[in-house]
Amino acid sequence: MLEGMLAGLGAVLTPFNLLMVLVGCFLGTFIGMLPGLGPMSIIAIMIPVAIQLGDPASALILLSGVYYGAIFGGSTSSILINAPGVAGTVASSFDGYPMARAGQAGKALTIAAISSFAGGTVGVILLMIFAPVLSSVAKLFWSAEYFALMVLGLTAVAAFAGRGKVIKAMAMTVFGVMLATVGESALHNAARFTMGIMDLQSGIYFVTLVMGLFALPEALFLVLDKGRSESIENSGKIENLRISKEEAIEIAPVIGRQSVLGFLIGVLPGAGATMASFLGYAIERNLAPPGEREKFGKGSIRGLAAPETANNAACTGSFVPMLTLGIPGSGTTAILLGALIALSVTPGPRLMEDQPEIFWAVIMSMYIGNIVLLILNLPLIPYIAKLLTVPRHYLIPFVVFFSLVGAYIGQNNGTELLIMIGLGCMATLLRFGGYPLPPLIIGFILGGMLEDNLGRAMRKSGGLEFMWDRPMTLCILMLAVGLLIYPIIKDKRQPSRER
Amino acid sequence: MIRLDRCIAIALFAFSIGYGYLAWIHPILPFEVRMPFKPNTMPLGLAGLGILLSGLLIISSHNDDFVKDAEGWRGFAWKQAILLVVFMVLYALFLRMSGFILATTLFLVAGSRLLGEKNYVRSSFIGLFASVLIWYLVDPILGIYLAPLPSMGGQ
C-alpha cells in the first residue's frame, strides 16, 4: 500500500499537476458559486479539457480540484445568498445563511472551509484504509435496505421541525415526494401527473425547485421587508473572520463524528452527499444540548459544521464503489467514471492491482486538492463575503437573476422559469403560514430513489414482506419509526411540563 | 377570518385528493395488472398520507408564527414584491425572444429602478456589464448555448 501511495504522491507532486490542482480549485470555486451550476455540470463541462491533457493522472487531478472547488463554491452561495445550487449544500444554508444575516458571513465561510477540509481529509484517510473492506459491505445492501435508508432519511425531517411543527414538516415531506413523482419514473416509462405539459415529461428540474423554494422567496422577503435587507447589507462587513477557541472546541467533535458518518453514507451507492448532509444535520441537532438545539436553523455553528463535514466526507466516500466496484455512488462520480473510461482507465476490482498508480493518484489528488482549496479560499473569504455589501437595489435583482439563469442554463426553456416563479410565490406563502420548506426539498430529492428502491424490493419479494424478511432492513425501518415518533412524544410532553 | 396556515392545509388537502384521483385513474398496462408494484402504487399511498396529514392540520391548526407575521402584514412592500414578480414573468416570457443580453439588461435595470436606484446610466452600465460577463462565461467559455441577441434567438 505504501508503495502505491508514494507512486500516487509522485504523480501528483509535479509542477504541472500542482498547477492543475490550483486551476481546478479556482475554476470550481468560482463556477460553483453560480446557482444552478453544481459539481456535476462543471465536471461534465471540464471533461473535454481534461481529456485534452492526455495523461490520466493530470486529468483526474484537474477534475478532483474542480470537484472540491465546486462543492466549496456551492456552499458559499448557500451561505451568502441562500441559493444552494446543488442538493448537497441545501443543509448548509439552514444555519450558514442565518449566520451571514447576523453579520457572521466571514465566520460562517471559515467554518465551512475548515469543516470541508476536515471532512475531506478524514474521508481520504478512511478511503485509503477501508476502500477494499467497505466495498464488500456495500455489496450486501440491496434495494430493500436502500428503501429503508431513504425512509430513514425522510423521517430525519423531524430534526428540521420546530416545536409544534412536526405534522407540518411531515406534510411538506409528503408533498415533496409527490412532486418527485411527476414525470417518468425509473421503473415505468409512462409519464404521470404531467397534465399534458411536455416540459414536465422528465419531471421537475431540481435546480428549478430549489431556486423556487429557497432563493426566490428570500428575494421576495427582502423586498417585502426592507429592514431585513438592510441587516443583510450590514452582514457583509467581515469583522470577525476567526473562530474562537471555544467555538473550535464546540465543533471539533461534530467534525469528527460527521467525517466518519458522511464517509460511510457516501460509500453506499446512491446515498451520497445529500443524504449525508441532511442526516448529519439531523443527528447533530438531536445530540446537541437543549439550549444549543434551539439555535439550530437560527445560526448554529454546529448546524453549519455538520452538513459541511458530512457532505465532503461523503463525496470522498462515493469514490469507494466507483474505484473498487466500478459502480458510481453519485451523479458526480458517474460523470467521473465516464471521464476515466474516456481516458482508457477501467475502474473496478482490478484497478488497484493493475493500475495502482492511477488508483493512488486519484486519492492523493483529492488530498492535495483539499489542502490547496483551504490555502486558496481562506484568504479569499473577506473578498467573497463582500458580495453581501452590494446595495439592496442591486443585490435583490441579482439574486433573482442568478436564480432564474441557474434554472435556464442547460434547459433553454422559458416554461421552467415560469414553474420556478410559481414555486417561489407558493413557497413565500408557505413561509408566511409557518410551513418548513427543507422537508419539502428532502422529500423531492429522495422521492425518486425511494420509489425506485421500493418498486425493486416489492417486485423481488412479491409484496411488502421485504420489510421484515431481512434483519438489516427491519433494523433501519425501526430506527426510522423511532425518529418519527420521538419528536411527536417530545412535543406532547414539553407543554405539559411547562404547565 | 380564516387563518393562512389553515388555508394552506385546505389547499394541501385538495391537492392530495386531486393527486390521489389522478393516481387512481392512471392507466395500468395489461402486463402491470398483476404486478405487486404498479406505477400508481406509491402515489396512492402518498395521496392517503397527504389527506391524513393535511386533515390533521386543518383540525389542529394553531399558528403563532402567522399571527406574529400578520401583525406586520400591512407594513410590507407588497406593491414592489408583486411588480418584481411581474418583471420575473416578463423576463421568463421574453428571454428566448429578445436574447439573453437584452432581456437581462432590461430586467436588471427595471429591478434596480423598482428598488430605489435613480441613476439610469449607472444601472444600465452595471446591467449590461453583468449580462455580457455572464453570457461570455456561460456560452463561449463553458460552451453552454445561450442566445445573446434577438437576431440570434433562433426559435
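Is A:Pro253 buried, exposed or partly exposed? A:Pro253 is partly exposed, with 13 other C-beta atoms within 10 Å; a residue is buried if 20 or more other C-beta atoms, placed from the backbone, lie within 10 Å of its own, exposed if 12 or fewer, and partly exposed in between. This is a predicted model, in which local features need pLDDT of at least 70 and side-chain atom pairs count only at pLDDT 80 or more, while totals for chains, interfaces and linings use all residues. Residues are numbered from 1 along each chain as its sequence is written, and chains are lettered from A, with ligands numbered from 1, in the order in which they are written.

- A:Pro253 sits in helix α11 (residues 245–267) of chain A; helices are DSSP runs of H or I with at least four residues, numbered from the N terminus.
- Its C-alpha atom is separated by 9.8 Å from that of A:Ala306, 53 residues apart along the chain.

**Helix α4 of chain A**
- Helix α4 (residues 56–81) of chain A has 26 residues and reaches 37 Å from its first C-alpha to its last, close to the 38 Å expected (1.5 Å times one less than its number of residues).
- Because 26 of the 26 residues of α4(A) are buried, this helix is largely enclosed by the rest of the structure.

**Contact between chains A and B**
- Chain B gives 53 residues to the contact and chain A gives 51 residues; two residues are in contact if their C-beta atoms, placed from the backbone, lie within 7 Å.
- On the side of chain B that touches chain A, α4(B) gives the most, with 12 residues.

Key: Helix = DSSP H or I, 4+ residues; strand = E, 2+ residues; numbered from the N terminus.
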